[in-house]
Amino acid sequence: MAKEAQNQNQKTFTLTNDETGESIQLPVQDGTVGPSVIDVRKLYAQTGHFTFDPSFTATGSCKSRLTYIDGEEGILMHRGYTIEELAEHSSFLEVAYLLLYGDLPSSEQMTKFDHDITYHTMVHEQINYFYRGFRRDAHPMAIMCGIVGALAAFYHDSLDIHDPEQREISAHRLIAKIPTLAAMTYKYTIGQPFMYPRNDLNFSENFLYMCFGLPAEPYKVNPILANAMDKIMILHADHEQNASTSTVRLAGSSQANPFACISSGIASLWGPSHGGANQAVLEMLDEIGDKKNIPEFLEKAKDKDDPFLLMGFGHRVYKNFDPRAGVLKKACDEVLDDLGVHDPRLELAMELERIALEDPYFVDRKLFPNVDFYSGIILKAMGFPTSMFTVLFAVARTVGWISQWKEMVEEPTLRIGRPRQLYTGPAQRPYVPMNKRK
Ligand code: SDX
């Protein structure tokens, strides 16, 4: 039994053991906005019990000042600015500055940050040879997991996480080099030569250039595509304590170096329940193929004996529209219009969304399209193969991961993360020699 009480200035929850009648008071902490938390850190010491929350549906794992989500209302804010406003007015690098340092930059701060990032866009020449160890048909995310982790082998001068300057250089290196590595990964898998970064281009222009440029001919960046790419990057930059960010934080809590931590985030992002869903959405749309098949696939999604789920639908936090999906849908219309591309998958996706949002199964469970629902269609129109979609998510999310990592490492109370468990294995039993086992 638990009840909330007001104890002078400290709000508390009283927790009573119904068996013994003993009670303890647990402090309640308030954030700026959003639900308060019950501070259970002393629970085990006081009661001998742990909390049990395997998928973290009711657990706040840290304090953070970066990102706020109101899942009921469909609101996403970075450092207090709504995602709609940032996507409309900001650039990706400006959002990166905001996430890393806490405020929007002045024009001098922005010029310096732009220079600091641009200065680090090249990778050590030796890294080129790493790629040759991979098969050309490797999944790009497999290559990214390996190559990003391997950065620690090249930048020994920025691995001391206790040195603020080294932390900052590592953050700048990661934000600057991940697009270069992502583009190299793409080029490698299609057998084209790597393109060195061009520091006269902005972040998204340069990324498109490195992906689609060729040494044999000049490449003109399409400003509409660069703009859309920048918007996609902003929309994916950070998202509170999602699976990959929590992975980065847990890896970082052991004081592992930032390159290793970001590599762990990439690994976690790869799964189809998380960032891998953008690839899965396109594959699903191709499998559905035609509007007339939608009811059949919706039935499959609702069938608990069928592993099929509607990819790009549902979210742990949003019980309303994911605000990023709306912005992406609009950007998608613009890009397809501008390129004169007619992708029947867009119509199929819109029809799927319409029917699903009228279906009691999806309505009752508050399942709405998420960020991954429309992003694939726009990336496909830009010329990316589906296998690169999650890599693009990782390029953008690196900003969030490293900002969250930096925030955590800078906490004076940094402590290794170490969850406990509910043990359900055998109790102690005697060892039986092999010849006596049944
Ligand atoms: C991202 O967390 C973040 O912030 C992530 C992210 C970010 O920016 O970092 O926003 C990026 O990962 C977006 C999500 C991408 N994944 C997908 O689109 C995959 C499809 N979606 C689902 O697998 C699922 O909705 C999750 C993983 C997104 C959320 O899982 P939850 O919170 O554990 O929800 P759940 O599985 O408990 O679902 C609740 C109910 C269940 O039905 P019941 O058992 O209650 O009857 O809804 C059903 C689920 O079976 N359900 C779905 C469904 N999603 C949930 N049924 C059909 N199709 C779906 N997509």
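Predicted model: local features only at pLDDT ≥ 70, side-chain atom pairs only at ≥ 80, totals over all residues.
Residues are numbered from 1 along each chain as its sequence is written, and side-chain values use heavy atoms, with hydrogens and water left out.

Okay, staying with the ligand. There are 24 residues around it, and H239, H315, R316, R324 and R397 come nearest; being near means having a heavy atom within 4 Å. H315 has a side-chain N or O atom 2.7 Å from a ligand oxygen. R365 also puts a polar side-chain atom 3.0 Å from an oxygen atom of the ligand. For polar contacts the cut-off is a pair of N or O atoms within 3.5 Å; within protein, one has to be able to donate a hydrogen and the other to accept it, and residues adjacent in sequence count only if both atoms are side-chain atoms.

Next, N202. You'll find N202 in the loop between α7 (164-190) and α8 (203-212). Helices here are DSSP runs of H or I with at least four residues, strands are runs of E with at least two, and the numbering starts at the N terminus. The N202 side chain reaches the backbone nitrogen of E205 at 2.9 Å, and one of its polar atoms is 3.1 Å from the backbone nitrogen of S204. Buried or exposed? N202 counts as partly exposed because its relative accessibility is 39%; buried is under 20%, exposed is over 50%, and partly exposed is in between, with a 1.4 Å probe and protein chains only.

On a 1 Å grid over the protein atoms alone, a cavity is a set of points where a 1.4 Å probe fits but cannot get out; a pocket is an open set with protein on both sides within 12 Å along at least five of seven lines; and lining residues have an atom within 4 Å of a point. Volumes are the space filled by probe spheres set on the points, with points joined across faces, edges and corners.

How many cavities of 30 Å³ or more are there? Two. The largest has about 70 Å³ of space, and its lining includes V123, E125 and Y196. The second largest cavity is about 50 Å³. α9 (223-236), α17 (372-382) and α18 (389-409) each supply at least two of its lining residues, and α9 gives the most, with four. F393 is among the residues lining that cavity, and F393 sits 18 Å from N202, C-alpha to C-alpha, although the two are 191 residues apart in sequence.

Last stop, the second largest pocket, at about 260 Å³. β2, β3 and α1 (43-47) each supply at least two lining residues, with the largest share, three, coming from α1. T16 and S23 are both among the lining residues, and S23 is also the bridge partner of T16 in β3. Strands β2 (residues 10-16) and β3 (residues 23-29) pair antiparallel over five bridges; pairing takes at least two bridges by DSSP. In that hairpin, six residues come between the strands, and G21 takes a positive phi near 80°.
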